[in-house]
Amino acid sequence: IEKSANVAFGKGSTANMGSITMDGSKVNGKVLNNAKVRKSMNTATGENSTANMASITMKNSEVGKGGVVSNKADIEKSANVAFGKGSTANMGSITMDGSKVNGRVLNNAKVKESMNTATGKNSTANMGSITLKNSTVGKTGLISNKADIEKSANVAFGENSEANMGSISLE
């Protein structure tokens, strides 16, 4: 993806760019996201905003013992912004909510001269990170994050802000 813009503006907004979104799925094989984003902008401005860029989002999903979820993000001179009321943002990240991991979840993010922002009321941000909420990692599960972040900014500004950069967060 090069010199592109992806915008969601409305009330229940969302915007994905070079991303995979899964809900209620079971992975025993491989889910691979290999995203290269250059000089691009991904924005979600609306009330329930979100915006993902070169990311994988899984909700109520399962990664079986032989399953692999891999995100390889190469992002340069790009911006990922979520602005609205319920904001979020994610850039070169994996986010899992209510999921079960017995296989491998791998994030390899290279981010250069880029900006990830979430400004809204319930902000969040994440850049080159893995976040697991209400999720379990079994004894055969592996979570690995490799983040190479250079000359970039990750900002969360709003009321219930958070930010994360090159991290693994288990909530």
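Predicted model: local features only at pLDDT ≥ 70, side-chain atom pairs only at ≥ 80, totals over all residues.
Asp-74 and Arg-38 join their side chains in a salt bridge, with N and O 3.1 Å apart. In total the count is 3 salt bridges.

**Salt bridges around Arg-38**

- Arg-38 also meets the side chain of Glu-76 in a salt bridge, with an N to O distance of 3.7 Å.
- This second pair again links distant parts of the chain, since Glu-76 sits in strand E10 and Arg-38 in strand E5, 38 residues apart.
- Taken together, Arg-38, Asp-74 and Glu-76 form a network of salt bridges.
- Is Arg-38 buried or exposed? Arg-38 is buried, because its relative accessible area is 17% and the cut-off for buried is under 20%.

**The Lys-77 and Glu-113 pair**

- Which residue forms a salt bridge with Lys-77? The partner is Glu-113, and the closest N and O atoms of the pair are 4.0 Å apart.
- Here both residues lie in loops: Lys-77 is in the loop between E10 and strand E11 (79-82), while Glu-113 is in the loop between strand E14 (104-112) and strand E15 (115-118).
- These two residues are 36 residues apart, so this pair too links distant parts of the chain.
- Lys-77 is partly exposed, with a relative accessible area of 42%, and Glu-113 is partly exposed as well, at 33%.

- Glu-2 lies in the segment that comes before E1.
- Its relative accessible area is 52%, which makes Glu-2 exposed.
- How many Å separate the C-alpha atoms of Glu-2 and Arg-38? They are separated by 4.7 Å, although the two residues are 36 residues apart along the chain.

**Overall build**

- The chain has 20 strands and 0 helices.
- Its radius of gyration is 15 Å, close to the 16 Å that the globule rule gives for 171 residues, so the chain is as compact as a globular protein of that length.
- Along the principal axes, the C-alpha trace spans about 40 × 25 × 20 Å.
- Of the 171 residues, 47% count as buried.

**How strands pair**

- Four strands make an open sheet with parallel pairing, in the order E4-E9-E13-E17.
- At the edges of this sheet stand strand E4 (26-27) and strand E17 (136-137); each has a single partner strand, so one side of each is left without a neighbour in the sheet.
- Inside that order, strand E9 (residues 62-63) pairs with strand E13 (residues 100-101) in the parallel sense, over 2 bridges.
- Across this pairing, Val-63 stands opposite Val-101 in E13.
- Elsewhere, strand E1 (residues 5-8) pairs with strand E6 (residues 41-44) in the parallel sense over 4 bridges, and Ala-5 has Met-41 in E6 as its bridge partner.
- E6 also pairs with E11, again in the parallel sense and over 4 bridges.
- Met-41 therefore turns up in both of these pairings: it is the bridge partner of Ala-5, and it stands opposite Ala-79 in E11.

**The largest pocket**

- Rolling a probe the size of a water molecule over the atoms shows where empty space is left.
- The largest pocket has a volume of about 380 Å³.
- It is lined by 18 residues, and the closest to its centre are Thr-57, Thr-88, Asn-90, Thr-95 and Asp-97.
- Which strands each supply at least two residues of the lining? They are strand E8 (56-59), strand E12 (94-97) and strand E16 (130-133).
- By class, the lining of the largest pocket has 12 polar, 4 charged and 2 nonpolar residues.

How values were computed. Residues numbered from 1 in each chain as written. Heavy atoms only, no water. Buried < 20%, exposed > 50% of the residue type's maximum accessible area, 1.4 Å probe, protein only. 1 Å grid on protein atoms, 1.4 Å probe; cavity = no way out; pocket = protein on both sides within 12 Å on 5 of 7 lines; lining within 4 Å. Points joined across faces, edges and corners; volume = space filled by probe spheres on them. Nonpolar A, V, L, I, M, F, W, Y, C, P; charged D, E, K, R; others polar. Rg over C-alpha atoms; globule rule 2.2 N^0.38 Å.
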